[in-house]
Amino acid sequence: MQKIDVKGLAQGAVAFTLGYFILWLAGPLWFSQAMGWWGLPLWFWSSCVAAPLLLSVLVGLWLRGKDDD
Amino acid sequence: MTEWSLLLPILAYLAVTLVVSRLAARRSGGGEEFSKQYFLGGQFMGGTLLALALVTTYTSASSFIGGPGAAYKFGLGWVLLAMIQVPVAMLTLGVVGPKIWLLAKKHNAVTILDIFQERYQSPLLLWIAALSLIGAFIGMVVVQFTGGARLLSVMTGVDYGVALALFVVTVMIYTLWGGFRAVSYTDALQGLVMIFGMVALFVGLLLHGGGIPAMVEALVREEPALLHPQGPNQFLSWPFLLSFWVLVGVGTLGLPHTALRAMAVKDGRALKQAMILSTAVSAVVILLPHLSGVLARAVLPPLASPDDVLPTLMVTLFPPMVAGLLLAAPMAAIMSSVDSMLLQTGSTLVKDLILRHRPQPLSQRSQAWLSYGIMTSLALGCGALALDPPEMIVWLNLTAFGVLQVVFLWPLLLGLFWPKANATGAISAMLVGAGGFLYWTVTGERPFGLHPVVPALLLSGLAFVLANRFHRGQ
């Protein structure tokens, strides 16, 4: 049975949430006037599609890496 | 007139839910104390099961009815707001999950209040937490029952009372059959239904509307501000948007019915798998219904009630039998939240308020009858209130989510991570947070344009630290 790294998981989860917050915020702050792609504005692609996609991938890489520890 | 072609797939879905719960109940091992086996089921949850059960418990009627309705009204800005919820499951599992799991293992804890008891050893704190939890969950369950029955009644033409009875009886039976274990497996099934339903609906919408660019063009012709992050009339101001990072984001770390899931995880590997999967599942079940709500404006005639947007889309885009299957998705979202809240309320009443205070322990058989009796009374009582919801219940639901956050967040977080945290600090945080939140909610005042939960949590945290220091000083 695998042990749980309490401190590492908590710090990682908070860091990834903060990173997601910054990406989420960046869309409307920096791209709200930018042209869109495929009908939807760039801020939407950035905050509502790219940010969650990137979060899912990075969390996957981080935790799969921890599995190998 | 009853639309049987819509109703039959829904009835079939409810029947499948019951079968899954029965199978899950059979798999539960005996030998443990009844209340532990019924209200927690042991540390049995693998990564996929935990991720699906956690996300479906967290997402409720608001994610499939109210949320897409607001997106229909306010445009893409509401999708931005909803996407705040994507990291919540990962954050809950990563921050409070491991600590709660270890404490549950060490102290044989079954409820969040068991954790509080181990940590603070204060009967007063337990009473405040228990009463807040029971009041808040009863209000939330009644409103979820009302929403689900109304949805079923409006879409299929079945009488409201019959629709309500279908909901209440289904949830009651599978919750009684297998307790937490059955609820977890049915929640996982409901999670799969939600994912499948939302992907199918979105693809159907794209095909029907001629693709995203064509639909967005129609939206721009109607109201260009629907594409702006702040929405029409700048309704979604920055203080409002950022408040939601507390209300539906960080503040949910303390919600007892979601935090409890972490107590049942099998091991560290399962916890990590659940963190990965829950992030991806959250992104899908939050993005698709909300984006569909916005784009629906381009293909549907104006709706009298924006909350009807997703059900209307389903019956517009698909033949009745398929639409009936898709309607199972919002119903799954409602049932998966209601079952967990009912179970939490039941476990608080049975384990924390009755068994804990009895001088003589009850026999296993008596514990079982007490638990079944209380769960049945709760489900039927909430169902009866949902027949004609009193005004107080609606008000309670509006404040319940916030009250749970301000009562539980700091006592749970600081209790887990601050060795010097004591009961005086935790009780002060609960009372000051709840008082502040209720005051700002009742008066309608919005300090700095923020949602009341933000200043209430700030005050609550401050009260915790100050009262904690004062007590230690004494």
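**Figure 1. Gln121(B), an exposed residue of the predicted model.** Gln121(B) is exposed, with 11 other C-beta atoms within 10 Å. The model shown here and in the following views is a predicted one. Gln121(B) lies in the loop that links helix 8 (112–120) and helix 9 (123–156) of chain B. Its phi is positive, at about 50 degrees, although Gln121(B) is not a glycine. Most residues other than glycine have a negative phi.

**Figure 2. Phe448(B) in a loop of chain B.** The loop in question runs between helix 19 (423–443) and helix 20 (453–473) of chain B, and Phe448(B) has its place there. Phi of Phe448(B) is near 55 degrees, a positive value in a residue other than glycine. Because 8 C-beta neighbours fall inside 10 Å, Phe448(B) counts as exposed.

**Figure 3. Packing of helix 3 and helix 10 of chain B.** Two packed helices are described by the angle between their axes and the distance between the axes. For helix 3 (residues 47–58) and helix 10 (residues 160–209) of chain B, the angle is about 75 degrees and the axes are 8 Å apart. The two helices of chain B, helix 3 and helix 10, are therefore roughly perpendicular to each other. On the side of helix 3 of chain B, the contact involves Leu49(B), Leu52(B), Ala53(B), Val55(B), Thr56(B) and Thr57(B). These residues meet Ser184(B), Asp187(B), Ala188(B), Gln190(B), Gly191(B), Leu192(B) and Met194(B) in helix 10 of chain B. By class, the residues of this contact divide into seven nonpolar, five polar and one charged.

**Figure 4. Crossing of helix 14 and helix 15 of chain B.** The axes of helix 14 (residues 268–299) and helix 15 (residues 309–317) of chain B cross at roughly 75 degrees and come within 10 Å. Helix 14 of chain B contributes Pro289(B), Ser292(B), Gly293(B) and Ala296(B) to the contact, while helix 15 of chain B contributes Val309(B), Leu310(B) and Leu313(B). The residues of the contact comprise five nonpolar, two polar and no charged.

**Figure 5. Phe145(B) in the largest nonpolar core.** This core has 187 residues. Phe145(B) is among those with the most contacts inside the core, together with Val79(B), Met83(B), Val141(B), Ala274(B) and Ala328(B). When neighbours within four places in sequence are left aside, Phe145(B) is in contact with Leu164(B), Phe167(B), Val168(B), Val338(B), Cys382(B), Gly383(B) and Ala386(B).

**Figure 6. Chain A and its contact with chain B.** Chain A contains two helices and zero strands, and of its 69 residues 32% count as buried. An unreviewed UniProt entry annotates residues 12–31 and 43–63 of chain A as "transmembrane region". Residues 12–31 of chain A are 100% helix and 0% strand, with the end C-alpha atoms 28 Å apart. Residues 43–63 of chain A are likewise 100% helix and 0% strand, and there the end C-alpha atoms are 29 Å apart. Between the chains, 33 residues of chain A are in contact with 33 residues of chain B. Helix 1 (6–31) and helix 2 (42–67) of chain A each supply at least two residues of the side of chain A that touches chain B. The residues on that side of chain A divide into 22 nonpolar, eight polar and three charged.

Key: Residues numbered from 1 in each chain as written. Chains lettered and ligands numbered in written order. Predicted model: local features only at pLDDT ≥ 70, side-chain atom pairs only at ≥ 80, totals over all residues. UniProt positions renumbered as here; feature names shortened; annotations may be inferred. Helix = DSSP H or I, 4+ residues; strand = E, 2+ residues; numbered from the N terminus. Contact = placed C-beta atoms within 7 Å. Nonpolar A, V, L, I, M, F, W, Y, C, P; charged D, E, K, R; others polar. Axes fitted to C-alpha atoms, helices over the stretch in contact; angles between N-to-C directions. Parallel < 35°, antiparallel > 145°, perpendicular 65-115°, else oblique. Core = buried A, V, L, I, M, F, W, Y, C linked by C-beta atoms within 7 Å. Buried ≥ 20, exposed ≤ 12 C-beta atoms within 10 Å, placed from the backbone.
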